[in-house]
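The sequence and the coordinates are shown first, and the description follows.

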Amino acid sequence: MNTFEKFTPPAEGERIRVKASDLQVPYRPVIPFIEGDGIGPDIMRATRRVLDAAVEKAYGQERKLCWYEIYAGEKAHEKYGEWIPRDTFEALRYYSVALKGPLTTPVGGGFRSLNVTLRQELDLYACIRPVRYFEGVPAPVKEPWKMNMVIFRENTEDVYSGIEWVRGSEEAKKVIAFLNEEMGCTIRADSGIGIKPVSETGSKRLIRKAIRYALDRKRKSVTLVHKGNIMKYTEGAFRDWGYELAREEFADRTVAEKDLQGTVPPDKVLINDRIADAMFQQILTRTDEYSVLATLNLNGDYLSDACAAQIGGLGLAPGANIGETVALFEATHGTAPKYAGQDKVNPGSLILSGVMMLEHLGWEAAGKVVIAALEETIRQKKVTYDLERQMEGAVRVSTSQFAETIVGNMKGV
Ligand code: NAD
């Protein structure tokens, strides 16, 4: 039994356990949730309503999500005087699977983003962003339905590791002197310095997750996206380690593009690679040729937003940050403070992150109930303001009405 200093776990429900990276999910798992700031409470309420109804629709009274509120952000600061109390980390480690609303990054000198803190402290190294089209959503391309990609973005390394020094600082001067005097570089004295570490360990564990996902979900390919023609020992190495990993650990279930003769055998996943700038063209021109993408941190950041834009924006784009044992599912947008408490915004991104969570638990039937009902709701054009203003003949509904309409459209499986 875990002990929490400040939080009280729910009386009902059991803990999910992780054994050798396999989840053991009880019928009544405790699911911690962080409500989030700004629009967080509105979209979290709507999401829990939809997920609970879907679980009931799929499994009757046999299964149930036992929600456990834990705190981060403004609510944590008001209640406990801390932005992320120790209990929050404890609960996430102990219960392994959680849902999170968006968090404000408090403005102020040296304050680290709460999201980045959570990802780093819990080593949530894979950011997973599935992007698919929902019929009827206004999109800027001619054939948005061709998009069905899942992006695995490395979350801890690359230029995002936060190792940087401001121009003129003692640290920057020291690094520049070392590089110029001892390594033969010619860096200008008035340069800011940032470091881009990319490790074999970090790359391989991310690519391993992407390949396993492709195998489990019967996806046809994993594309290693990189800029290795220019950055050979970081981005190029990411590609090389990817192929090496596929050979070493998945030899009988993958085939590299260069070894391919004819078509890909049905029981195998194709491993290929593309240079990042070409990939941005490919997502537009050959959209349906790609399925799972494995990327470094910066490329993945750009690519996932570009893919989401292609299917009509971030409103329906879910995400998860996953490590060896902990998985945190969250909306991809921010706190939209101007709409806080107005019961107005689109809860779609958090609802779909909840669907990812259900799939992670192995509760696919409940996930399917949500997807089918959401598709039906969009077909009926009963949508929140962000979609309504772009859809001809649509009816504007509130966040909570949107959730109720989805629940009303649920069919058993
Ligand atoms: P934002 O995503 O909050 O808003 C960008 C635009 O999208 C705004 O016009 C907003 O009104 C709209 N929008 C966002 N979510 C919507 C929804 N569900 N339905 C309809 N419209 C929606 O981004 P921002 O304004 O750059 O950031 C606001 C705050 O959110 C900042 O404090 C930032 O640090 C934080 N943030 C948090 C996360 C996270 O927790 N993962 C991510 C991004 C930003």
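The model is predicted. In it, the shell around the ligand divides into 8 nonpolar, 7 polar and 3 charged residues. Altogether 18 residues surround the ligand, and the closest are Leu103, Asn115, Gly334, Ala336 and Asn346.

A backbone N or O atom of glycine 334 lies 2.6 Å from a ligand oxygen. From the side chain of histidine 333, an N or O atom is 3.2 Å from a nitrogen atom of the ligand. The side chain of threonine 105 places an N or O atom 3.3 Å from an oxygen atom of the ligand. The ligand taken alone exposes 820 Å², of which the protein buries 63%.

## Architecture of the sheet

An open sheet is formed by 11 strands with mixed pairing, in the order S4-S3-S5-S15-S14-S6-S7-S13-S10-S12-S11. Its edge strands are S4 (66-70) and S11 (254-256), each of which pairs on one side only. From one strand to the next, the twist averages 25°.

Strand S6 covers residues 126-132 and is mostly covered, with 6 of its 7 residues buried. Strand S6 pairs with S14 (residues 318-322) in the antiparallel sense through 3 bridges. In this pairing, alanine 126 stands opposite isoleucine 322 of S14.

The pairing of S6 with S7 (residues 148-154) is also antiparallel and extends over 7 bridges. Here valine 131 is placed opposite methionine 149 of S7. Strand S7 in turn pairs with S13 (residues 292-295), in the parallel sense and over 4 bridges. Arginine 153 has threonine 295 in S13 as its bridge partner.

Strand S13 also contains alanine 294. This alanine counts as buried because its relative accessible area is 0%, under the 20% limit. The C-alpha atoms of alanine 294 and phenylalanine 238 are separated by 9.6 Å, and the two residues are 56 residues apart along the chain.

Strand S12 (residues 269-275) is largely enclosed by the rest of the structure, because 5 of its 7 residues are buried. Strands S10 and S12 pair in the parallel sense over 6 bridges. Valine 225 stands opposite arginine 274 of S12.

Strands S11 and S12 likewise run parallel and are joined by 3 bridges. In S12, isoleucine 271 is the bridge partner of alanine 256. Strand S11 is one of the two edge strands of the sheet.

## Loop positions with positive phi

Most residues other than glycine have a negative phi. Aspartate 158 has a positive phi of about 70° although it is not a glycine. The residue is located in the loop between S7 and strand S8 (164-165). Is aspartate 158 buried or exposed? Aspartate 158 counts as buried, because its relative accessibility is 0% and the limit is under 20%.

Lysine 218 is another residue other than glycine with a positive phi, in this case near 55°. Its place is in the loop between helix H6 (200-216) and strand S10 (221-226). Lysine 218 is exposed because its relative accessible area is 74%, which is over the 50% limit. Aspartate 158 is thus buried, whereas lysine 218 is exposed.

## Proline 26

Proline 26 is located in the loop between strand S2 (22-24) and strand S3 (30-34). With a relative accessible area of 12%, proline 26 counts as buried because the value is under 20%. Proline 26 and cysteine 307 are 281 residues apart in sequence, and their C-alpha atoms are 35 Å apart in space.

Methods
Residues are numbered from 1 along each chain as its sequence is written. This is a predicted model: local features need pLDDT of at least 70, side-chain atom pairs count only at pLDDT 80 or more; totals for chains, interfaces and linings use all residues. Side-chain values use heavy atoms; hydrogens and water are left out. A residue is near a molecule or strand if one of its heavy atoms lies within 4 Å of it. A polar contact is a pair of N or O atoms within 3.5 Å; within protein, one must be able to donate a hydrogen and the other to accept it, and residues adjacent in sequence count only if both atoms are side-chain atoms. Accessible areas come from the Shrake-Rupley method with a 1.4 Å probe; for residues, only the protein chains shown count as cover. Ala, Val, Leu, Ile, Met, Phe, Trp, Tyr, Cys and Pro count as nonpolar, Asp, Glu, Lys and Arg as charged, and the others, Gly among them, as polar. Buried means under 20% relative accessible area, exposed over 50%, partly exposed in between (1.4 Å probe, protein chains only). Two strands pair if DSSP finds at least two bridges between them. Axes are lines fitted to C-alpha atoms, for helices over the stretch in contact, and angles run from 0 to 180 degrees between N-to-C directions.
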